[in-house]
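Here is a short report on a structure. Look at the model first, then read on.

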Amino acid sequence: TSTTAAPQAVTLAFGGDVYGQPPVRGVLDRGENPLAAVAPLLSGADVAIVNLETAVGSTGEPRDKEFVFQADPRLLAALKDAGVDVVSLANNHSFDHGLEGFLETLDHVAASGLLAAGGGRDAAEAYAPAIVAAGGSEVAILGTHALQLGGLIDLSKSFYVRPNFTWLSYIVGGFLFGVGMTLGSGCGSKTLVRLGGGSLKS
């Protein structure tokens, strides 16, 4: 007879927004990791997820908006080294440098070894989850934007958010990103800077 091992408990670590603007860029320029203070927490989890609140690379025209972010690809290497597994691209800064900058971001994420959720070259790729093997199971991470909650986009065509797919990770992940920003006293970018300085307030 054969037996199937029961799935093990899986630990998830959710971070908030990360970007590469100063002073984070200065940390990278010094060859340091802005997430060094929390790397043990991230790498100790089975799956670690953050929101990549920036375009990555050097191409594309900056959009006409107050805050426009574009990070050096070294940021992704720092995330990977700190133990991050998945980055969400479902946010209001992924297209800060237009479609060209977004497509370059996708390329850099793939080259870094990180998995992307919430963004892709077409709808199917954007709605598909990032799948991470952990504890004898597979963890599916979906990335969506508040536009979905506001009824401005329709995710009903995605297999992964139909009733036969568990909403638990989707809902918990979305709420944790938002709650994390609140507990961090504002924008998650401030939290990243504090973490780089050794503060664990988040």
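In which helix does E104 lie? E104 sits in helix 4, residues 98-112. Helices (H or I, at least four residues) and strands (E, at least two) are DSSP runs, numbered from the N terminus.

This is a predicted model: local features need pLDDT of at least 70, side-chain atom pairs count only at pLDDT 80 or more, and totals for chains, interfaces and linings use all residues. Residues are numbered from 1 along each chain as its sequence is written, and side-chain values use heavy atoms, with hydrogens and water left out.

**Contacts and burial**

E104 is buried yet has no salt bridge. Its nearest side chain of opposite charge, R121, is 11 Å away. Buried means under 20% relative accessible area, exposed over 50%, partly exposed in between (1.4 Å probe, protein chains only). A salt bridge puts a side-chain nitrogen of Lys or Arg within 4 Å of a carboxyl oxygen of Asp or Glu. Lys and Arg count as positive, Asp and Glu as negative; His and the chain ends are not counted.

Contacts are heavy atoms within 4.5 Å. Residues up to four places away in sequence are not counted for E104 or for L76.

| Residue | Touches (within 4.5 Å) |
|---|---|
| E104 | V56, G57, S58, T59 |
| L76 | L52, V56, H108, V109, S112, L114 |

**Cores**

A nonpolar core joins buried Ala, Val, Leu, Ile, Met, Phe, Trp, Tyr and Cys residues through side-chain atoms within 4.5 Å. The largest has 25 residues; L76 and L52 are among those with the most contacts inside it. Helix 3 gives the most to this core, with five residues.
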